Amino acid sequence: MNRVGLAVCLACLFLGLPVGAAEPVKFADELYAKFQHPRCLTCHQFNSRRSNGKVFNSHRNRFLCDNCHTQRISGMPRGEWMAPPEAMDYTGLGPEDTCKLIKRNMGSSDARLAAHMLDDPRIFWALDNGMTPAGKFPSAPGGSADWLRAARAWIADGMHCE
Ligand code: HEC
Ligand code: HEC
């Protein structure tokens, strides 16, 4: 391997990319499927009337989440277990529209969205935990390792929606 190749591979390792990856990485490739997992979707639907979110049926309460989703259950600090506003419900959107929506919701700032995807505690609860006051629900297949690999590759490739 020549010096340039070596430098490229070190960058790949740093970003967690498969060595030699040259194909552009699209949102539709892997990330979209993760967004469709019920652990993500159910929370994003929480305040959405259109999707009959939980606040309109099983929950009927927009506050005091931590009383039941305690720190021990959610694995995150108090105050972090919360549902997004109705505008963050991406139910029914295809890959391109989901991607555009999440960019818009993060103020069209790719940097903010990238940071969110790499360290939001709720995302990691959905990927690795899944514990609720009624017991453990299935977490997303592949867990955070698979998510971080796909997210880092997409971010490194420029975060394209198309
Ligand atoms: C416990 C509820 C909850 C779960 C579970 C959850 N989220 Fe979120 N999500 C939120 C909240 C609250 C925000 C808004 C956070 C903010 O504004 O900083 C958010 C924001 C986001 C955003 C930024 C903008 C937007 O419109 O969506 C993305 C992207 C996102 N979540 C993806 C995911 C993915 C992917 C999963 C599953 C792997 C997931 N979320 C699981 C509550 C949740
Ligand atoms: C009175 C106790 C209680 C309170 C308060 C409560 N929850 Fe829940 N929550 C539960 C129980 C029990 C479950 C599991 C059964 C179910 O899905 O409804 C659950 C499940 C959920 C789920 C579904 C998780 C999944 O992936 O399927 C979400 C999202 C959720 N709660 C969000 C919230 C939010 C946001 C709040 C605060 C606005 C809140 N909860 C307040 C008891 C509570």
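Which atom of ligand 2 lies 2.6 Å from a polar side-chain atom of Arg39? An oxygen atom of ligand 2 does. The points below start from that contact. Note that this is a predicted model.

1. **Polar contacts of ligand 2.** Arg39 places a polar side-chain atom 2.6 Å from an oxygen atom of ligand 2. For Ser58, the distance from a polar side-chain atom to an oxygen atom of ligand 2 is 3.4 Å. Among the elements, α3 (38–44) and α4 (65–68) give two or more residues to the shell around ligand 2.

2. **The shell around ligand 2.** The ligand is surrounded by 22 residues. The closest are Arg39, His59, Cys65, Cys68 and His69. Helix α3 contributes the most, with three residues. By class, the shell holds 13 nonpolar, six polar and three charged residues. The space that ligand 2 takes is the second largest pocket.

3. **The shell around ligand 1.** Turn now to the other ligand. The space taken by ligand 1 is the largest pocket. Around ligand 1 there are 20 residues. Cys40, Cys43, His44, Asn105 and His116 come nearest. At least two shell residues come from each of α3, α6, α7 (110–119) and α8 (121–128). The shell divides into 15 nonpolar, three polar and two charged residues.

4. **The iron atom of ligand 1.** Which protein residue is a donor of this iron atom? His44 is the only one, through NE2, at 2.1 Å. His44 belongs to helix α3. That helix supplies residues to the shell around ligand 1, and it also gives the most to the shell around ligand 2.

5. **Polar contacts of ligand 1.** A polar side-chain atom of His44 lies 2.9 Å from a nitrogen atom of ligand 1. Asn105 has a polar side-chain atom 2.4 Å from an oxygen atom of the ligand. The side chain of His116 has an N or O atom 3.4 Å from a nitrogen atom of ligand 1.

6. **Glu80.** Where is Glu80? Glu80 sits in the loop between α5 (71–74) and α6 (95–105). Glu80 counts as partly exposed because its relative accessibility is 27%, which falls between the 20% limit for buried and the 50% limit for exposed. In sequence, Glu80 and His69 are eleven residues apart. In space, their C-alpha atoms are 9.9 Å apart. His69 is one of the residues closest to ligand 2.

Terms used
Residues are numbered from 1 along each chain as its sequence is written. Chains are lettered from A and ligands numbered from 1 in the order in which they are written. This is a predicted model: local features need pLDDT of at least 70, side-chain atom pairs count only at pLDDT 80 or more; totals for chains, interfaces and linings use all residues. Side-chain values use heavy atoms; hydrogens and water are left out. A residue is near a molecule or strand if one of its heavy atoms lies within 4 Å of it. A polar contact is a pair of N or O atoms within 3.5 Å; within protein, one must be able to donate a hydrogen and the other to accept it, and residues adjacent in sequence count only if both atoms are side-chain atoms. On a 1 Å grid over the protein atoms alone, a cavity is a set of points where a 1.4 Å probe fits but cannot get out, and a pocket is an open set with protein on both sides within 12 Å along at least five of seven lines; lining residues have an atom within 4 Å of a point. A molecule sits in a cavity or pocket if more than half of its atoms lie within 2 Å of its grid points. Helices (H or I, at least four residues) and strands (E, at least two) are DSSP runs, numbered from the N terminus. Ala, Val, Leu, Ile, Met, Phe, Trp, Tyr, Cys and Pro count as nonpolar, Asp, Glu, Lys and Arg as charged, and the others, Gly among them, as polar. Donors are N, O and S atoms within 2.8 Å of the metal (3.2 Å for Na, K and Ca); water is not among the atoms, so sites may look incomplete. Buried means under 20% relative accessible area, exposed over 50%, partly exposed in between (1.4 Å probe, protein chains only).
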